[in-house]
Amino acid sequence: MSTDARPLNRLAGEASPYLQQHADNPVDWYPWGEEALERARREDKPLLVSIGYAACHWCHVMAHESFANPEIAAIQNEYFINIKVDREERPDLDSIYMAAAQALTGRGGWPLNVFCLPDGTPFFAGTYFPPDAKANRYRMPSWRQVLLSIAEAYRTRRDDLTASAQELLNHIKLLAQPLPETATIDEALLMEAAAKLEREFDPQYGGFGDAPKFPQPLVLEFLLRTHLRGHVQALPMLHQTLEQMAHGGMYDQVGGGFHRYSVDTRWLVPHFEKMLYDNALLAEVYHLAALVTGDPFLAQIADETFAYLLRDLHHPEGAFFSSEDADSLPVPGAAHAEEGAFYVWTPDELRLALGDDATIVGAYYGVTRQGNFEGKSILYVPRSASAVAARLGVPVERVTETVERARPILRAFREQRPRPFRDEKIITAWNALAIRALATASARVPEYLSAARRCADFLLANLRRADGRLLRSWKDGRPGPAGFLDDYALLCDALLELHAAGGETYYLATAIELAEAMLDLFWDAQSWMFFDTGRDQPALVTRPRDLSDNATPSGTSAATMALLRLHALTGNDLYATRAEQVLQQVAPMLIRFPLGFGRMLCAADLMIGPTRELAIIGPSGHPTTQALLAVARAAYRPRLVIAHAEPGDPIAEQVALLAGRTLIDGQPTAYLCERFACRLPVTTPEALLEQLG
């Protein structure tokens, strides 16, 4: 928020940091709600719905150039009812209006600016628009021109706009429908999807497609699964992508963690914001790949990414903040923030921080006088330590030791710079991704388990109402809107993973409660699909349903995965039926667009099976109980589900896998089953490992 002494608008009272960033704009902003909609109807004015998020670079640019401009703000205030939306708090609105922008312009992004009829039906949309001074440079209309043109059209061509809006709304509704085709969900479907991914793979730099290049952790997870099914190229594609990303500028070589995406094909220049969801998903897939390959470098990147989360995005009570900004002040007291300022280096800065070690470190991280980003250098690893050693005529051990010694020094030096803004909202779905990642990786680093528990306990204490309804977000004790499908589905899935890692039945029982609520609030019996919004949430111009996975798993794919896992544990056939109904609907899309359905492909892999179920009976603190759990989780077994309880625990009434299980000879006991046909129980880790294979 600016320090200018402007009067604050309505957004000053909102919890969202993104909305608060616009609280001193001269624009008469409203948050989304009935007050704004009622005024639009009463005054017969179109809505301007402007959507963004706190870490968005171009959102800041447009806010500075246009929304803070009194003359432009006066036009907005005269002709429109202006609404600001944090897309992270309201993914339902973002989904509807992004679909409109993509339909109208063929592209999307943020800031997203949508013009609507007073009832919220969109009729025109775009992303960033420059102010007058930049319009010619960008060869696009200025924001002032757009505002005046839309106002004139609304005044003189209302019937045309209304007809266009209805046509656009019908198109958006069609997008939420599955393809009118069928496909058989079997191993051949998975292999066909993997083959299409192979055709889109970049053999030089890894990843998929051209610039801008996104990390695609959900697709990489699917490649791990197809590797287990015998796809020859899956693991090489995965390994090359993970290595190339970790050596590029998209990875923070000093502080750990990943930026949002790369603007080029070789992972060099990132969009500098850091998001909780990217880092949770990528930390997990690096960990899993390390289990499969045994590569210590992949494990190192996973651990450095977890370290970033636990250091820089960690709420004191255990949850995780949403993001860090792309922009920051280059020096204290600077007039304007700059993109990437916190992360880039000059040779002189390296020398100041490291002294004589700067020569080796600069050569290793590609720091040059000319730089690779606006005259400065993004740190990356353009060549191996041995190549640097040969180039400088020093032993390779000296290079590796010098770089390793330099990293904490550079991080401490960097901490003296103004830090990027941190969005301290706690979002249920994104925290669920962190819980799952930490619980999964605790198989290799046991200390992660306590962090996963603390996060889960925070969510269940602060983002779950007394009536059991989840909240989407929370900040400084202020609750956000009611939770969406992805909040329920991802938290359900995360609690299943947390139960498998630590054995607490409370998390398993809560996962079952969330699944029941999810089916009650979001299931659409007519289409055999989920909606993204609950039946108890205020109606919008259409009820959104996003089938594809994007930067995060869609609520639909996360729900499908969670229900399949729960069916294997509980034996409740309704869970399997609902999951299979969804998969049948989306099966043709999995073959056509595998890049957009990474987590759903993983769910298909689980449904196809064979699934194995493991029940472990014994006191949680008993060393043998923990050893049995550790053996089950020490390798990558994505189609193994685990339940644990002490003898006589009431959870056995809900979980068929645990029903009737007892200790053998008074010892903690493991029961391994496949499709509910079980092997002889065993009481030693060695015997369980032999059964698991």
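Cys 602 counts as buried, because its relative accessibility is 0%. These values, like those that follow, come from a predicted model.

Arg 225 belongs to helix 10, which covers residues 217–228. With a relative accessibility of 5%, Arg 225 falls under the 20% limit and therefore counts as buried. Leaving out residues up to four places away in sequence, Arg 225 touches Met 561, Cys 602, Asp 605, Leu 606, Tyr 636, Pro 638 and Arg 639.

Cys 116 is buried, with a relative accessible area of 0%.

Which cysteines do form disulfides? In one, Cys 56 is joined to Cys 59, with the sulfur atoms 2.3 Å apart. The torsion about this S-S bond is about 80 degrees, so the disulfide of Cys 56 and Cys 59 is right-handed. Cys 56 is buried at a relative accessible area of 3%, and Cys 59 is buried at 2%.

The other disulfide links Cys 673 to Cys 678, whose sulfur atoms are 1.9 Å apart. Here the torsion about the S-S bond is about 90 degrees, so the disulfide of Cys 673 and Cys 678 is right-handed. Cys 673 counts as buried at 2% relative accessibility, whereas Cys 678 is partly exposed at 37%. When the bonded cysteines are counted along the chain, the disulfides follow the pattern 1-2, 3-4.

Turning to the helices, helix 8 takes in residues 158–175. Buried in helix 8 are Leu 161, Ala 165, Leu 168, Leu 169 and Ile 172. Seen down the axis of helix 8, these buried residues fall within an arc of 105 degrees, so they line one face of the helix. An α-helix has 3.6 residues a turn, so residues three or four places apart point the same way. The face turned away from the buried side carries the exposed residues Asp 159, Glu 167 and Leu 174. The cover over the buried residues of helix 8 includes helix 5 (91–105), strand 5 (122–126) and helix 7 (143–156).

Helix 19 has 15 residues, 448–462, and reaches 21 Å from its first C-alpha to its last, close to the 21 Å expected. Its buried residues are Tyr 448, Leu 449, Ala 451, Ala 452, Cys 455, Ala 456, Phe 458, Leu 459 and Leu 460. They pack against helix 13 (296–312), strand 13 (426–427), helix 18 (428–441), strand 14 (473–475), helix 20 (485–502) and helix 21 (505–522).

Strand 14 is also the place of Ser 473, which counts as buried at 2% relative accessibility. Apart from neighbours within four places in sequence, Ser 473 is in contact with Glu 89, Ile 426, Ile 427, Leu 463, Arg 478, Pro 479, Gly 480 and Pro 481. The C-alpha atom of Ser 473 is separated by 22 Å from that of Tyr 308, 165 residues apart along the chain.

Methods
Residues numbered from 1 in each chain as written. Predicted model: local features only at pLDDT ≥ 70, side-chain atom pairs only at ≥ 80, totals over all residues. Heavy atoms only, no water. Helix = DSSP H or I, 4+ residues; strand = E, 2+ residues; numbered from the N terminus. Expected span 1.5 Å × (residues − 1). Buried < 20%, exposed > 50% of the residue type's maximum accessible area, 1.4 Å probe, protein only. Contact = heavy atoms within 4.5 Å. Arc of directions from axis to C-beta. Disulfide = S-S within 2.5 Å.
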